Amino acid sequence: MSNVLNELADKLYAGDAKTVPVLVQRALDKGLTPAEVLQGGLITGMDRVGVDFRNGELFVPEVLIAARAMHAGMHVLRPLLVQSNVASAGKVVLGTVAGDLHDIGKNLVGMMLEGSGFETIDLGTDTPPNQFVDAVKTHQPHLVAMSALLTTTMPGMRRTIDALTEAGVRAKVKVMVGGAPVTERFAQEIGADGYAPDAASAVELARALMGKEHRRR
Ligand code: B1M
């Protein structure tokens, strides 16, 4: 890994929200791609935060400070990941499920989708099933995309799918799910239409589901 990416991962770990955007820009100026900066610097740093958090070496305040630095870095990458003037590839209602406040991965998925021409309606974090249902009725999206980072909030995905069914709108949308604890098997068990392990494959999945959607509509 290049020095600038190592330094970026270190500063992200330390939660240095002033230096992280500067280093992101420096890495881009050196010719690294936005994807390389994201994966090799920001996500690598955040992965280290996750390991040390799990091992009890970091605590919630430090993780929040690292998350703030992550947001500052993503702010620089955002315009590069999101192209404008692209014909809409489809409409996506996106949110982190009820009880869950993690939004970094969900935001990345949103940015990558937008960068690929999808129109996104972001419901934010801690989104209860009825809010997904209301958004589907209001915005009539092609896709509903749910993120969960906690094993305790994953059941919110099933509850949301059930609520879409009860409201009579399940057949109008394709549902995709993702987030660190979510698996392909879980997605199948809860009746989702697809699972993606990361933001790049979320775009591929969204495109594939749009293909099925067009054949159906
Ligand atoms: Co929390 N947290 N956290 N946390 N946190 C995790 C998730 C945890 C794994 C840490 C650990 O123990 N190692 C653990 C969960 C354990 C479990 O349930 N299995 C955990 C815990 C326990 C908690 C609290 C309960 C801690 C506490 O209070 N005691 C608490 C819960 C709060 C709540 O939500 N109610 C909590 C709080 C927080 C903070 C608020 C401090 C902060 C979140 C800030 C924010 O998001 N604005 C935070 C953070 C930052 C993390 C870690 C360190 C990093 C998460 C992250 O942003 N990763 C995380 C450990 C880890 O994952 N390494 C951890 C970077 C991001 C790019 O990856 O979100 O996985 P990720 O997204 C990826 C893929 O998953 C995928 O694409 C993304 C890009 O590739 N993806 C999708 C995500 N959504 C998708 C949707 C798709 C497709 C792909 O389709 C729709």
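Helices (H or I, at least four residues) and strands (E, at least two) are DSSP runs, numbered from the N terminus. The model is predicted: local features need pLDDT of at least 70, side-chain atom pairs need 80 or more, and totals for chains, interfaces and linings use all residues. Residues are numbered from 1 along each chain, and side-chain values use heavy atoms, without hydrogens and water.

**Exercise 1.** Find which helices and strands build the shell around the ligand.

*Solution.* Start with the elements that give at least two residues each: H3 (34-54), H4 (60-81), H5 (104-115), S3 (143-147), S4 (174-178) and H9 (199-216). Next, pick the largest share: H4, with 5 residues. Then turn to the domains, whose bounds come from an automatic or database assignment. Domain 1 (2-83) and domain 2 (91-216) both give residues to the shell, so the ligand lies between them.

**Exercise 2.** Identify the polar contacts of the ligand (pairs of N or O atoms within 3.5 Å).

*Solution.* Take the nitrogen atoms of the ligand. One is 2.8 Å from a side-chain N or O atom of Ser-147. A nitrogen atom also lies 3.1 Å from a backbone N or O atom of Gly-50. Now take oxygen: a ligand oxygen is 3.3 Å from a polar backbone atom of Ala-199.

**Exercise 3.** Work out the strand order in the open sheet.

*Solution.* Recall that strands of a sheet pair through backbone hydrogen bonds, either parallel or antiparallel. Here, two strands count as paired if DSSP finds at least two bridges between them. The 5 strands run S2-S1-S3-S4-S5, with parallel pairing. S2 (118-122) and S5 (194-195) are the edges, each pairing on one side only. Inside the order, S3 and S4 pair over 5 bridges in the parallel sense. One example is Leu-143, whose bridge partner in S4 is Lys-174.

Notes:
A polar contact is a pair of N or O atoms within 3.5 Å; within protein, one must be able to donate a hydrogen and the other to accept it, and residues adjacent in sequence count only if both atoms are side-chain atoms.
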